[in-house]
Protein chains: 4
Amino acid sequence: MSCHSPINVTVWGENVHEHKHEAVRSIYPDGMHSAIAAGLREDSAVNVRTATLQEPEHGLTDEVLAATDVLTWWGHCAHGDVQDEIVERVQKRVLEGMGLIVLHSGHYAKIFKRLMGTSCSLTWREAGEKERLWVCNPGHPIAKGLGNYFEIPHEEMYGEPFGIPTPDEQIFISWFQGGEVFRSGATWKRGNGKIFYFRPGHETYPTYHQAEVKLVLKNAARWVAPEGQPWIDSCPNVPAEQAPEPITVQGGSLHNPGEAGFR
Amino acid sequence: MSCHSPINVTVWGENVHEHKHEAVRSIYPDGMHSAIAAGLREDSAVNVRTATLQEPEHGLTDEVLAATDVLTWWGHCAHGDVQDEIVERVQKRVLEGMGLIVLHSGHYAKIFKRLMGTSCSLTWREAGEKERLWVCNPGHPIAKGLGNYFEIPHEEMYGEPFGIPTPDEQIFISWFQGGEVFRSGATWKRGNGKIFYFRPGHETYPTYHQAEVKLVLKNAARWVAPEGQPWIDSCPNVPAEQAPEPITVQGGSLHNPGEAGFR
Amino acid sequence: MSCHSPINVTVWGENVHEHKHEAVRSIYPDGMHSAIAAGLREDSAVNVRTATLQEPEHGLTDEVLAATDVLTWWGHCAHGDVQDEIVERVQKRVLEGMGLIVLHSGHYAKIFKRLMGTSCSLTWREAGEKERLWVCNPGHPIAKGLGNYFEIPHEEMYGEPFGIPTPDEQIFISWFQGGEVFRSGATWKRGNGKIFYFRPGHETYPTYHQAEVKLVLKNAARWVAPEGQPWIDSCPNVPAEQAPEPITVQGGSLHNPGEAGFR
Amino acid sequence: MSCHSPINVTVWGENVHEHKHEAVRSIYPDGMHSAIAAGLREDSAVNVRTATLQEPEHGLTDEVLAATDVLTWWGHCAHGDVQDEIVERVQKRVLEGMGLIVLHSGHYAKIFKRLMGTSCSLTWREAGEKERLWVCNPGHPIAKGLGNYFEIPHEEMYGEPFGIPTPDEQIFISWFQGGEVFRSGATWKRGNGKIFYFRPGHETYPTYHQAEVKLVLKNAARWVAPEGQPWIDSCPNVPAEQAPEPITVQGGSLHNPGEAGFR
């Protein structure tokens, strides 16, 4: 990311509950993705577009992904409807360097499970209880502008054990009124892509309208934005005559020179 | 693992090259899996069985996996023939605690890519050159009985970049005669399962007959063996009336009490 | 560790508050170290001795440390009285493979700060409030025999941010009645030694008499016990004529052959 | 780091060999620190100053460190002459967010050992042999502009085992002509500071005049530059009446309200 070019964010939304449940529609009349996008647009360094499950290729064509620096992902009841081919495409872009922000029930999204390699399970309760998110590293860019903690008055509870690989960094841990705790903000790097999981965001509460939540998402979009150079991964054969040190071929071979490996 | 009960190891082999290529058959007349199993059987604390791609369910039925403490995986040209359902089954057992040793070209096996979440790619050359494996932590159980390094006279070259998440521990790094280096032995934990990737083992060389390679595999089988208790992961709902702290339900809900979450 | 030889644990105690404060003495009449040792002795596979600040060399002579598989450390008001030479000696043994369990206010012990390299700071409150420790990985050996969580009725509060490097594994996270959270159980490996930090254990509460706390310590002693072979680290010169590959010396040198490096 | 404000780099040099050994002086007539600084000055976004062991407070006063975004550290024969007070001051700034680049024999510098917590030892040979540094993640900002590898014609050899904690990311691994390998470029985060260790740079070879080495240092200076906000760590007491949730104090206490904790 150059400081002079904007960050291109694509906000992906499942966009199903908003059309089925009045409770959700009343809070997010234009869809949750629109609310998430509106929050991100408060940062003038960011260009935001949205994409939804219902669009062709779920709105995530090769062209869109190639022009996306950061993808945010909210899904819940329709994880199973996301085509595997699109998931693979998103994964490839993350490994190349695209940042990914996975939100709330996205813990069970195909793309998150695929990048983590674990169950991504947790415990949960829908009681509209108070959540208090503590900052584990106040110096981290994702926590910029926050105090020691912030509260969300009504949220779904997610509790440990959270079935994830050890995060690279723990940014937030939540305290729940009902007695549980959860690793609510965590980062990983896969390939050259930065991943941030952020817990809050149940569809029946106005979480994405809250200032602190919008601040975290704006901070996170800047932080997961690509910082290196694009790297298209492959599995190249290095012919013996191109070895850095001179060698003589010995023993048998199953491949012809320069041939692609098995996958 | 109790010290009184044996470790049950299942050696999985693709078992294809051995039947197609005389070069492979002459080195491994009973199949590569048989040679790998023979090496492991030198450890009297280990019970070894084998399973191959060609068997029903690739020899990896629920019963076999439930009775397996450690699974070793060698595949190459037929990664694509492994059924996704079996891969998912193996992954589930790893997350529960089964140890997994991934060998050589298994870097591209579906199970390894699924557990890593990355490309798992590398560079390669088939020239029968010398490989020298250096020990990065001489105190690690997997390196027990080795000196500072050991050599394999003829091997395929694998070179960096190796498309993996940062390992929990780096056990071996290889020096190749042709000038490359590679992270040849590395560990990760996913769920409660320990994973060890070990680079050597190209099918056209007698690598699995070499004493140091057999020693590493014996050490690794003991190290990745389950050390905790089985944990069957799920995503349980905690009804509000069972919250550790008393709470009153507030706000809307999409779920009925005790209902399973969306996947 | 062989399964037939016992684990030798040395319980180190600062042993100061017990003599100054009636509140502490009434709970731990023989000293906190004696209570911690008594809990560990419930495991017949463990040999336990104690050592205290007031003994010559703080009870941690070369002989004692050489015969110690696992060291537990509780200190608070007298961290500054621990001699640097003894701290260095303990660190060396950890790097060689000795397990280390750091307890409660030991987060500020010289040995812990030295092994972590960070501030190890936190927030705190002494109000005798309820602490609930959640298990982040129910399959981990340290959590064996526990349910999803356990509670301590009265404890000091420690809160995030906790100034530590990212743990290798997160075992426990605490929920406090007063509203905070804390990474209460975490593991790291330094050199070949396993380290476990365990939060509970304020001197004015009977924490070390509680069954779940004793269970965690027994589990942890087994888990941090050395699993590899002793490795005495050094910084050896490899003379050019002993290089694995033949080389000719070129360019200048500041060292004589075989000479030790600068430190 | 704002893109509009420059990065302030302080290049620290031990500055001893240059005055004792003609072989070193002839390559670095103005001192190694001057050559390192000259390379960094090729980046117009960087302000560079130098500091040496011989200056008062080793040139690292509170004022200098407060105005330093990135510190580079080269030392060898005089590690022991660096005052502990200055080391502590540098560590504190790293934890607050200052970037640190540790060069070559700096693996044994007090500041590096203190931040790592491990032995930081390795094997070594001074034979002027060829070193080839392979890029483990071509997409990482530190590798920007490099090919798959680059070579240094004459360098000291450093070999595994390298006594470090597992790096957050492996950037380079070296192949040596004499047969060894080494983790030559690695990153860690401690507190809010990024640390990069870079192996090359023996005083008797013109390594710091080589274009690829200068490029890596320029890339690294940008990458380790602070990206968050300053965070002055402390260990604050949270009085019971300021707890986020209302609590009643129970049980004994050794501290008075608001008092500082023991260190």
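**Ground rules**

I worked with a predicted model, where local features need pLDDT of at least 70 and side-chain atom pairs count only at pLDDT 80 or more, while totals for chains, interfaces and linings use all residues. Residues are numbered from 1 along each chain as its sequence is written, chains are lettered from A and ligands numbered from 1 in the order in which they are written, and side-chain values use heavy atoms, with hydrogens and water left out.

**Entry 1: chain B against chain A**

I began with how the two copies are related.

Next I looked up the contact itself, meaning heavy atoms within 4.5 Å. Here 65 residues of chain B touch 65 residues of chain A. The copies meet through the same surface, because 100% of the interface residues of chain B are also interface residues in chain A.

For the area, I used the accessible area (1.4 Å probe) that two parts lose on being put together, summed over both. Chains B and A bury about 5100 Å² between them, with 60% of it on carbon and sulfur atoms.

How many salt bridges cross the interface of chain B and chain A? I found 0, taking a salt bridge as a side-chain nitrogen of Lys or Arg within 4 Å of a carboxyl oxygen of Asp or Glu. The same interface does have 16 residue pairs in polar contact, both residues at pLDDT 80 or more. (A polar contact is a pair of N or O atoms within 3.5 Å; within protein, one must be able to donate a hydrogen and the other to accept it, and residues adjacent in sequence count only if both atoms are side-chain atoms.)

I also noted which elements take part; helices (H or I, at least four residues) and strands (E, at least two) are DSSP runs, numbered from the N terminus. On the side of chain B that touches chain A, two or more residues come from each of helix H5 (84–96), helix H6 (110–116), strand E5 (123–135) and strand E6 (149–159). E5(B) gives the largest share, 7 residues.

**Entry 2: chain D against chain A**

I turned to chain D, which can be laid on chain A by a turn of 180° and a shift of 0.0 Å along the axis, with an RMSD of 0.0 Å. Their contact takes 26 residues from chain D and 25 residues from chain A. Chains D and A bury about 2000 Å², and carbon and sulfur atoms give 52% of that. I marked D:Gln229, D:Pro244 and D:Glu245, which supply 25% of the area that chain D buries against chain A, more than any other three residues.

I counted 6 salt bridges between chain D and chain A. In one of these, the side chains of D:Lys189 and A:Glu169 meet at 3.2 Å, N to O. There are also 18 residue pairs in polar contact between the two chains.

**Entry 3: an aromatic pair**

A search of the whole structure gave me 46 aromatic pairs over all chains. I counted rings of Phe, Tyr and Trp (its six-membered ring) with centres within 6.5 Å; planes under 30 degrees apart are stacked, over 60 edge-to-face, and the rest tilted. The rings of A:Tyr158 and A:Phe182 have centres 5.7 Å apart and planes at 75°, so this pair is edge-to-face. The pair links distant parts of the chain, 24 residues apart: A:Tyr158 is in strand E6 and A:Phe182 in strand E8 (residues 181–190) of chain A.

**Entry 4: backbone details**

I checked the peptide bond from A:Glu160 to A:Pro161 and found it cis, with omega near 5°. A:Pro161 lies in the loop between E6 and strand E7 (169–176) of chain A. In chain D, a cis peptide bond joins D:Glu160 and D:Pro161, with omega about 5°.

B:His104 sits in the loop between strand E4 (99–103) and H6 of chain B.

How values were computed: Least-squares fit on C-alpha atoms with pLDDT ≥ 70 in both.
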